[in-house]
Amino acid sequence: MDVRSELSKTKLFQNLELLANQIVEGFISGIHKSPFHGFSAVFADHNIYNPVDSTKHVDWKLFAKTDKLFTKRYEDETNLRCHMILDNSASMYYPEIKKLDIQHLNKIGFGVLAIAALMQMLKRQRDAVGLSIYSDTYSFYTEEKSSERHFQMLYAQLNAVSKKNTSSGNTKTYTYLHQIAEKIRRRSLIFLFSDMFQTETERDRLFEALRHLKYNKHAVVLFHLLDHTHEIKFDFDNTPKRYIDVESAQHIDLYAENVKKAYEKQVLAYQNELMLTCAQYKIKYMGVDIRSDFSQLLNTFMIERQKFV
């Protein structure tokens, strides 16, 4: 299901929790309608109805949508702990958007909405969620909890991020990943949302910080957020433009065609190096195009959660 088309009339972040819930409902409905509907059994909120079961807990709303019987699941709490990490640096505010909506997301908007949707799925399964946000400072941290009050506090924090138009310049990714790793003491499923562009340029230290996140038997998923059209393919019209580094404010004037091939080669080399490093450290790497919908991201979450528990 193209979640963006379905929600195009909804004002993004006017009610972040409601929008996240709609995304999850659309995703679950799509699973049930797909030829691979058996995969939906891993979603812990429902069980396939068995004729010997009582009809007391049948989800009739879901039956009306899918013509299949599922029972709501109230037992088998997993007590899973999940920690979300959001890169809130200046480069995450690309592309520049006057007003965020579901059809026009920059990287930070996509990350905020993705985290909110994952929180909805975790909330349904009574899992505990924590959140860290960093840029040039480690600006927010809260440990994993599962109370309603805690979830509302997280939504409020994500809303505050979404309303910003920009962030401070520098990105201290590996500095704060080390600090976050030290704070998460109990075994958790960790999701990192970042474009992996940073002003700290020592790659060995960056990769060591990623490795540190695996400390204490954590499972780690990196959602590498990029605008694939511009940041990977460098697809700009061939007119003279000024390209500005949003973190350092340095700029260069050039024609896109003059550097396109060299740029693509460098970016793909970095992306491949990142993928190989993640594979070496047993970190799940997921390249995400912010112009896509959320289905692939939510599928990845379900698979990794099932493996973790």
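Mentor: Let's start with angles: a helix axis is a line fitted to the C-alpha atoms over the stretch in contact, and the angle between two axes runs from 0 to 180 degrees, taken between their N-to-C directions. Keep in mind that this is a predicted model.

Trainee: Why are α6 and α7 called roughly parallel?

Mentor: The two helices pack at an angle of about 15 degrees. Angles under 35 degrees count as roughly parallel, so α6 is roughly parallel to α7. Their axes are 8 Å apart, and the crossing is left-handed. On the α6 side the contact includes T173, Y174 and L177, while α7 brings in residues including R205, L206 and A209.

Trainee: Why does K217 count as exposed?

Mentor: K217 has 68% relative accessibility. Exposed means over 50%, so K217 counts as exposed. K217 sits in the loop between α7 and β7, and its phi, near 65 degrees, is positive too.

Trainee: What makes β10 an edge strand of its sheet?

Mentor: Look at the order of this open six-stranded sheet: β5-β4-β3-β6-β7-β10, with mixed pairing. β5 and β10 each have a single partner strand, so one side of each has no neighbour in the sheet. On average, neighbouring strands are turned by 15 degrees against each other, direction ignored. Helix α5 packs on this sheet and touches β3, β4 and β5; the direction of α5 makes about 155 degrees with that of β5.

Trainee: How do you know that β3 and β6 pair?

Mentor: Two strands pair if there are at least two bridges between them. β3 and β6 have five, in the parallel sense, so they pass that test. H83 has I190 as its bridge partner, and M84 has F191.

Trainee: Why is β6 called largely enclosed?

Mentor: Six of the six residues of β6 are buried, so the rest of the structure largely encloses this strand. Both faces are covered: L189, F191 and F193 lie on one side, with I190, L192 and S194 on the other.

Trainee: F193 and F223 came up as partners. Which residues touch the most other members of the largest nonpolar core?

Mentor: Those two do, along with M84 and L86, in a core of 52 residues. Helix α4 gives the most to this core, with twelve residues. A second, separate core has 25 residues, including Y138, M196, A209 and L274. In soluble globular proteins, nonpolar side chains tend to be buried together.

Trainee: What is F223 in contact with beyond its neighbours within four places in sequence?

Mentor: The list includes L118, F191, F193, M286, V288 and L297. Contact here means heavy atoms within 4.5 Å.

Trainee: One last one: what makes β8 and β9 a hairpin?

Mentor: These two strands pair in the antiparallel sense over four bridges, with six residues between them. R242 has D253 as its bridge partner. In the turn, A249 has a positive phi of about 70 degrees.

Notes: Residues are numbered from 1 along each chain as its sequence is written. This is a predicted model: local features need pLDDT of at least 70, side-chain atom pairs count only at pLDDT 80 or more; totals for chains, interfaces and linings use all residues. Side-chain values use heavy atoms; hydrogens and water are left out. A nonpolar core is a set of buried Ala, Val, Leu, Ile, Met, Phe, Trp, Tyr and Cys residues joined through side-chain atoms within 4.5 Å. Buried means under 20% relative accessible area, exposed over 50%, partly exposed in between (1.4 Å probe, protein chains only). Angles under 35 degrees count as roughly parallel, over 145 as roughly antiparallel, 65 to 115 as roughly perpendicular and the rest as oblique. A crossing is left-handed if the near helix is turned anticlockwise from the far one by less than a right angle, and right-handed if clockwise.
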